[in-house]
Every structure is written in structure tokens, then in C-alpha cells.
Amino acid sequence: MSDRAGIAPPGAYADEAGAYPAPPLSRMLLSVLALVGVLISAYLTLYKLHVIGEITCAVGSCEKVQNSPYAFFLGLPVAAWGLGAYVTLFVVAMMGLQPRWVAARWVALSLFGIAAVGVAFTGYLTYLEARVIHAWCQWCLGSAAIIVLVFLCSLPGLRYSR
């Protein structure tokens, strides 16, 4: 049962003993993955904003990718867009761990929608690395793996929510 805003009223999902259901494990994992994504994208954003001097890249050509014309989207570094997406995912996932919003449909749909857009955009960026830039960035590939895992973790929430 939910109210008009899709937010469960307090006690709506409590069992007869007044206990709330445990948050899904997938959402907890999604929160951790989003936090790792925040750290990676923050590092790349700080590099693009010249806050840090060099980018550490043990494998691949991170500088070539980060200095390509495709490292900007709509006037902002791509990493900054990723930072915004991961912060949003983290905040929504943390809210979704609270008893009041464990089963809220808007939480599940928000996590799924943001992750789906992230996977699509990351697919485009990975294509650019492979076919246009001809270089790989280990941080970008790490972020790509994380957003795919975040997307997979968002799927059970669609079934769990009401």
C-alpha cells in the first residue's frame, strides 16, 4: 500500500509484530557500488578540472582518452556527469534502505532508470574508446563495469517494489 506520491506511509509494510522487512541485499550492494563509482568519477573529474596534476594509469592510455574531444558532453566533463549520476544513485539507494521506502516503487524505478541511462551512455563511451579514440582508460572501464553491476542490482527491486 502506498500513498499518492509512491511513498509508503509509516507502518504500511510492517508485519503483525510491527517489524519492517529487511532491505534487499541487491540494494545494499548497489549502494556500495554507487559509492565506488562516486570515488572513480570524482577522481576523473578532479583531473579534468586540473585540481590534480597527473592521472595514474597502470593499464591503457587514460590521458589520451581523458584529453580527447569526447571527454566533454554538453560543456561538462563526462566524468562530472558520471559523478552526478553516481551521487544520485547512492542517495536514492540509501533512501531505499530506510524502512519507510524499502518497498517504494519510485525508489526501484529511479534506480533502474538512472542505471539504464548510465549503461546506455557508458556503452556509447566504450564504443568511442574502441572505434574512434583507439585507446582504453582503466578508470573508464572500471566505471563501465560498475554501472553494469548497478543496473543488474536494480532489477530485483522492480519485482520487490509495489
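Predicted model: local features only at pLDDT ≥ 70, side-chain atom pairs only at ≥ 80, totals over all residues.

Student: What volume does the largest cavity have?

Tutor: About 40 Å³.

Student: Which residues line the largest cavity?

Tutor: Ser26, Arg27, Leu30, Ala108, Leu111, Cys153, Ser154 and Gly157. Helix 1, helix 4 and helix 5 each give two or more residues to this lining. By class, the lining has 4 nonpolar, 3 polar and 1 charged residues.

Student: Now the open spaces. What is the volume of the largest pocket?

Tutor: The largest pocket has a volume of about 570 Å³. It is lined by 30 residues, and those closest to its centre are Val78, Gly82, Phe121, Thr122 and Leu125.

Student: Which elements give two or more residues to the lining of the largest pocket?

Tutor: Helix 1 (25–48), helix 2 (62–66), helix 3 (78–96), helix 4 (105–133) and helix 5 (138–160). Helix 4 supplies the largest share, 10 residues.

Student: How many of the lining residues of the largest pocket are nonpolar, polar and charged?

Tutor: The pocket lining divides into 20 nonpolar, 8 polar and 2 charged residues.

Student: Next, helix packing. What describes two packed helices?

Tutor: The angle between their axes and the distance between the axes. Take helix 3 and helix 4: their axes lie 10 Å apart, at an angle of about 155°. Angles over 145 degrees count as roughly antiparallel, so helix 3 and helix 4 are roughly antiparallel to each other.

Student: Is the crossing of helix 3 and helix 4 left-handed or right-handed?

Tutor: Left-handed. On the helix 3 side, the contact is made by Val78, Ala85, Thr88, Leu89, Val92, Ala93, Met95 and Gly96. Helix 4 brings Trp106, Val107, Ser110, Leu111, Ile114, Ala115, Phe121 and Leu125. The contact residues divide into 13 nonpolar, 3 polar and no charged.

Student: How do helix 1 and helix 3 pack, and what angle do they make?

Tutor: Their axes come within 8 Å and cross at roughly 155°. Helix 1 and helix 3 are therefore roughly antiparallel to each other. Helix 1 passes helix 3 in a left-handed crossing.

Student: Which residues make the contact of helix 1 with helix 3?

Tutor: Helix 1 uses Arg27, Leu30, Ser31, Ala34, Leu35, Gly37, Val38, Ser41, Ala42, Leu44 and Thr45. Helix 3 answers with Ala79, Ala80, Gly82, Leu83, Tyr86, Val87, Leu89, Phe90, Ala93, Met94 and Gly96. By class, this contact has 15 nonpolar, 6 polar and 1 charged residues.

Terms used. Residues numbered from 1 in each chain as written. Heavy atoms only, no water. 1 Å grid on protein atoms, 1.4 Å probe; cavity = no way out; pocket = protein on both sides within 12 Å on 5 of 7 lines; lining within 4 Å. Points joined across faces, edges and corners; volume = space filled by probe spheres on them. Helix = DSSP H or I, 4+ residues; strand = E, 2+ residues; numbered from the N terminus. Nonpolar A, V, L, I, M, F, W, Y, C, P; charged D, E, K, R; others polar. Axes fitted to C-alpha atoms, helices over the stretch in contact; angles between N-to-C directions. Parallel < 35°, antiparallel > 145°, perpendicular 65-115°, else oblique. Left-handed = near helix turned anticlockwise from the far one by under 90°. Contact = heavy atoms within 4.5 Å.
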